[in-house]
Structure formats: C-alpha cells, structure tokens
Amino acid sequence: MFSVKSKLSIIALITILTTTLFLGCGEEEQTPQQAQKAQVKAMKVIQRDTPLVSEFAGQILAADEVKVQSKVSGNVVEKYVTGGQFVEVNQPLYKIDSRTYESAVLKARADLAQSEATLNNAQIDLYRDQKLLEDAAIAEQVVTTQQAQVRAYEAQAAANEALLKTAMENLADTMIYAPMSGQLSVDDVAVGTFVTAGQTTLVTIGSSNPIYAQFSVSESDYLKFLHIQSLKTEQMEIDVTLTLANGTEYPFVGKIVESDREMANNTGSLTIKALFPNPSGLLLPGMFARVKLSGDTRPNCILVPQRSVQQLLGKSFVMVVGKDGKSEARTVTLGDKVGSYYIIEDGITPQDTVIVEGLTNLQEGVDLAVTEVTAGEMGFTLAEVTSTYNADANVGQSSTQQ
C-alpha cells in the first residue's frame with residue numbers, strides 16, 4: 001500500500017511526462033539554419049500587353065451658359081418661369097414695366113411726323129422756286145438756299161426715324177425671352193425687383209446636354225501624350241470616361257474637344273475639356289469626377305506590384321529572390337502606374353520573382369524562406385482604383401476596386 005504522499009508524487013510525475021510527450025509531438029524542432037531565414041511572400045513578375053490609363057481630377061461644366069440681363073432698366077412686373085425650370089429658346093421669362101417706353105414711342109412717332117411734315121413743306125417750296133427760276137423770276141441764290149433747307153429737314157426726319165426705331169426696340173426689350181434652351185438656375189429675381197440695363201442678372205440659363213468635363217494635365221503628361229501620338233502611324237483616338245463621386249462609372253464615353261493655348265502661370269498645367277452626352281441629365285454643372293484617358297496599349301510590359309517598390313535617396317528598387325535563395329536588390333526605372341502595379345522600364349526581367357511581403361528591415365543577401373503567392377491572393381488588380389471626392393475636388397480615400 002502506498003501512502004497518500006507517495007500517490008501524489010506518482011501523479012505529478014505522470015503529469016510531467018504526459019505534458020512533455022505532447023509537446024514533443026506537437027512541434028517539430030527547427031534547425032538553426034531554418035530559424036535564421038527571413039519569411040517572405042513573393043510572386044513572379046508579370047509580362048503582358050497593358051492598356052495605359054491616366055486619371056485626373058475634373059469638374060463638370062455646362063457646355064453653354066448665359067447670364068440673362070435686361071437691355072432696359074425698370075421694375076420687373078411679370079415673371080413667367082420658376083428657378084430650376086427647363087425652358088426652350090425664345091420662351092418668355094420676364095416683363096419689365098413698359099409704360100415709360102410706350103410713352104417714348106409715342107413721342108418719337110410724333111416728332112417723326114412733325115419733321116416729315118416740315119420736310120414736305122420745304123420740298124413744295126423748293127419745287128415752286130425752281131419753276132420761278134426757270135422763268136427768271138427769282139435769283140438763283142434763293143433756290144440754292146431752299147435746297148440746303150430741304151437737305152437739313154431730310155436729315156432731321158431721318159434722325160427722328162432712328163429715334164422711333166430705338167424707342168420701339170426698347171419697348172420690345174421690356175419682354176425678356178430665353179436666349180437658348182436649357183435649365184434655369186435658382187438665383188432668379190423676384191417680381192418688383194428694379195433691374196439696371198446690362199448690369200442686373202435676372203437668371204442664369206445653361207444647357208445640360210451635351211456637357212463638359214474640364215480637367216488639367218501637367219506639362220510632363222502633355223509631353224507624354226505628344227510622344228505617344230508621334231509613335232502612331234495614325235491619329236490616336238483617346239477615349240475619355242468618368243468615375244463619379246459615389247464610385248460609379250458614367251455610362252457614356254466622351255471625346256476631347258478643347259484645350260487651352262497655354263499653360264496656366266500659377267499651376268503650370270494645361271486646361272482641357274471633354275464633351276459628354278448627358279441625355280438623362282445625370283451630370284450637373286459643378287459636380288466633381290475622375291476623368292480617365294485611355295487609348296494606347298503598350299506591348300509586353302513588365303509589371304510589379306506597387307507595394308514591392310521601395311524608394312531611397314531618389315532611387316527606386318525592388319527585392320527579388322536570387323538564384324541562391326537569398327534576397328537581391330535591383331535598381332529599377334519606374335514607368336506609369338496601372339492599377340496596383342508599376343510598369344518597369346528597366347532593372348528586372350520577366351524571369352525574376354519579386355518580394356511583395358516581408359520587406360520590413362529586409363536587407364540584401366539574407367537567406368529567404370519564400371512562400372509563392374498569386375496576384376489574386378494578394379488582391380492586386382490591373383483595374384484602376386475608384387476614389388471619392390469632397391467639395392474641394394480633393395481625392396478621398398480609395399473605396400472600391402473595380
């Protein structure tokens with residue numbers, strides 16, 4: 001028989017032996033060489049034909065916009081539209097108090113009638129004097145003086161006729177019509193407002209279909225486009241697409257139709273406008289969007305993920321898995337960004353394997369324990385990242401990958 005103390009000692013020994021046995025079965029002891037290897041993830045370099053897409057911050061503008069102003073001064077007595085309304089060209093918008101202009105027409109018409117009557121009497125006198133001159137009944141000087149008088153009355157009648165025409169035009173201008181078809185802004189003035197000719201804006205009207213997307217490109221981007229054009233045997237057709245602030249793609253493709261004649265002095269950028277169809281009125285002036293330019297495909301591009309590229313002292317490099325299984329730094333020349341990748345102009349070959357994870361504190365010549373991964377596993381994509389924008393047209397945080 002064992003004592004209680006002996007039994008407790010036996011149980012403790014069995015527990016220690018069991019724990020040691022399980023621990024030994026659960027883990028394989030690492031060799032010193034394996035423990036020193038850097039754990040990294042790597043993937044093969046991608047080589048493929050790559051469409052180039054350039055993105056710029058853009059703003060939507062009306063293709064045509066007019067500030068409607070009155071040609072005559074006076075109080076607004078009638079208003080035939082409301083703010084935000086769609087109107088057709090020549091549709092009545094406002095009426096200015098016309099009483100003063102009606103009186104001006106009546107006066108101008110009376111002045112013209114009086115000058116015409118005076119001219120008519122002078123012409124009768126001239127005809128009579130010419131007959132008397134033929135009979136040598138009056139001096140030639142009398143006829144000459146009368147001819148000058150007739151010409152003066154003719155000039156006065158012509159001036160009064162012009163005044164009548166101006167008065168009638170002013171009267172007609174008291175009715176204000178839409179100069180174009182489009183949508184009115186909501187800053188329209190109310191009935192009773194006194195407007196000054198050529199100064200007071202009654203309402204702003206703008207067309208909505210088609211519509212502009214305006215954006216700016218840097219000098220380097222402009223020169224790059226020119227270089228691409230020069231490499232083409234035919235004129236390259238550049239497609240323009242829009243990504244709206246909520247991340248959705250606008251369903252219509254636009255075309256570049258205007259570009260400024262000079263770089264802006266304050267920004268060093270070139271302003272460009274692209275025209276888009278807008279049949280449903282989805283695009284509104286003042287909206288912000290990402291403008292994408294595409295139209296060129298580069299063959300056999302070498303692509304590496306952006307996260308694999310490191311920069312130091314103005315140079316770019318990537319870590320690759322060397323033939324001896326050690327890390328090897330390669331200085332590279334970066335090209336355009338394409339989705340999650342950089343195009344590499346020089347520095348690596350399609351046979352290289354680049355390290356995409358585990359780069360922190362990784363130095364050249366370190367033994368590697370490599371886990372091969374794919375682009376899909378790492379979430380890399382050739383598609384562009386869609387961004388959202390605030391009211392200041394600043395690019396927000398990336399929200400969606402297409």
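1. Four aromatic pairs occur in the structure, where rings of Phe, Tyr and Trp (its six-membered ring) pair if their centres lie within 6.5 Å, planes under 30 degrees apart counting as stacked, over 60 as edge-to-face and the rest as tilted. One of them joins Tyr-250 and Phe-252, whose ring centres are 5.6 Å apart and whose planes stand at 55°, so this pair is tilted.

2. The model is predicted, so local features need pLDDT of at least 70 and side-chain atom pairs count only at pLDDT 80 or more, while totals for chains, interfaces and linings use all residues. Residues are numbered from 1 along each chain as its sequence is written, and side-chain values use heavy atoms, with hydrogens and water left out.

3. Tyr-250 also pairs with Phe-276: the ring centres lie 6.1 Å apart and the planes are at 75°, so the pair is edge-to-face. This pair links distant parts of the chain, since Tyr-250 sits in the loop between β12 (239-244) and β13 (255-259) and Phe-276 belongs to strand β14 (residues 269-276), 26 residues apart. Helices (H or I, at least four residues) and strands (E, at least two) are DSSP runs, numbered from the N terminus.

4. Together, Tyr-250, Phe-252 and Phe-276 make up one aromatic cluster. Buried means under 20% relative accessible area, exposed over 50% and partly exposed in between (1.4 Å probe, protein chains only). Tyr-250 counts as buried at 5% relative accessibility, and Phe-276 counts as buried at 1%, whereas Phe-252, at 32%, counts as partly exposed.

5. Helix α4 (residues 140-172) has 33 residues, and the distance from its first C-alpha to its last is 48 Å, close to the 48 Å expected at 1.5 Å a residue; the expected span is 1.5 Å times one less than the number of residues. Its buried residues are Val-143, Gln-146, Val-150, Ala-157, Asn-160, Leu-164 and Ala-167, and the buried residues of α4 pack against α3 (99-134).

6. Gln-146 deserves a separate look, as a residue placed in helix α4. Gln-146 has a relative accessible area of 15% and is therefore buried. With residues up to four places away in sequence not counted, Gln-146 touches Ala-122, Asp-125, Leu-126 and Asp-129, a contact being heavy atoms within 4.5 Å.

7. Strand β4 (residues 74-79) and strand β6 (residues 92-96) run antiparallel and are joined by three bridges, and Val-76 has Ile-96 in β6 as its bridge partner.

8. Strand β16 (residues 309-312) is joined by four bridges to strand β17 (residues 315-321), and these strands run antiparallel. Gln-311 has its bridge partner in β17, namely Ser-316. The two strands, β16 and β17, form a hairpin with two residues between them, and Leu-313 in the turn has a positive phi of about 55°.

9. A further hairpin is made by β18 and β19, again with two residues between them, and here Gly-339 in the turn has a positive phi of about 60°. Strand β18 (residues 327-338) and strand β19 (residues 341-346) pair in the antiparallel sense over four bridges, and the bridge partner of Thr-333 in β19 is Asp-346.

Methods: Pairing = 2+ DSSP bridges.
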